[in-house]
Amino acid sequence: MSPDLPRNRLHRAIVTLWRQLPFFVWLIALWMLLWGQFTWLAFLTGLIAAIVVTRIFRLPPVELSGRVNLWWGFVFVLEFIAAVIHGSLTVAWQVLDFRRQPGAAIIAVQLRTDDDLIMTHTGVTASLIPGSLIVETDRDRRILYLHVIGVRDDADVERQRASVHHWEARIVRAVGSRAQLRAIRADAAARRPSTESGSAARGSGTARRGGAR
């Protein structure tokens, strides 16, 4: 046996562990978020759950991008906390507002990236924010189906779709590959002209109505 063989195996094991470390940490963080506790007990039980999931269950290996942007990760965490607080207050107001019942709808959102991990992160993020819950996923067509409360018209539907796309973009900027990041930027650039032309059309219509008066 070559003396370099054990050394190569050790090197591959260290590289594999390093690449899987963000996924392992994410499982612990997800466990703590689901229980709503950030304690040492929640951390230890999350550590045990992560070990069970990654070592006992025979799951296909998760291919990570190898790219982590700490700044966008920090931005994601801050925006997520703000969204959870805002969603909690919104749902509480909808429950206490007896003048009208909050509408509800099942919304289909097609993601822009073809990646299982990004799709999972986006779905979990949308489900953890009060007011929306993932009820079904279509992996082949990259579609998330959400049950959302507080929907009364098409504008609310589009606003919810834009929110899911926003979280997808934030996750890609934080941990996505460079190819996924380019796809997100290209999609944002393609959407911008249509948005600006729609705003210009509304502005010209307002000006014409003002002139008619």
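Two strands pair if DSSP finds at least two bridges between them, and in this predicted model β2 and β3 are joined by 6 bridges and run antiparallel.

**View 1. The sheet is an open one of 3 strands in the order β1-β3-β2, with antiparallel pairing.** Its edge strands, each of which pairs on one side only, are β1 (104–110) and β2 (132–138), and from one strand to the next the twist averages 25°.

View 2. Helix α5, in turn, lies across β1, β2 and β3 and runs at about 45° to β1.

**View 3. Helix α3 (residues 70–96) packs with helix α5 (residues 154–175) at an angle of about 150°, the axes being 8 Å apart.** Because angles over 145 degrees count as roughly antiparallel, α3 is described as roughly antiparallel to α5; the crossing of these two helices is left-handed. On the α3 side the contact is made by W72, G73, V75, F76, E79, F80 and A83, and on the α5 side by H166, W167, R170, I171, R173 and A174. The residues of this contact divide into 8 nonpolar, 2 polar and 3 charged.

**View 4. Confidence along the protein.** The pLDDT averages 79, and 76% of the residues score at least 70. Confidence is highest in strand β3 (residues 143–149), at a mean of 92, and lowest in helix α6 (residues 178–212), at 61.

Terms used. Residues numbered from 1 in each chain as written. Predicted model: local features only at pLDDT ≥ 70, side-chain atom pairs only at ≥ 80, totals over all residues. Heavy atoms only, no water. Axes fitted to C-alpha atoms, helices over the stretch in contact; angles between N-to-C directions. Helix = DSSP H or I, 4+ residues; strand = E, 2+ residues; numbered from the N terminus. Parallel < 35°, antiparallel > 145°, perpendicular 65-115°, else oblique. Left-handed = near helix turned anticlockwise from the far one by under 90°. Contact = heavy atoms within 4.5 Å. Nonpolar A, V, L, I, M, F, W, Y, C, P; charged D, E, K, R; others polar. pLDDT = per-residue confidence, 0-100.
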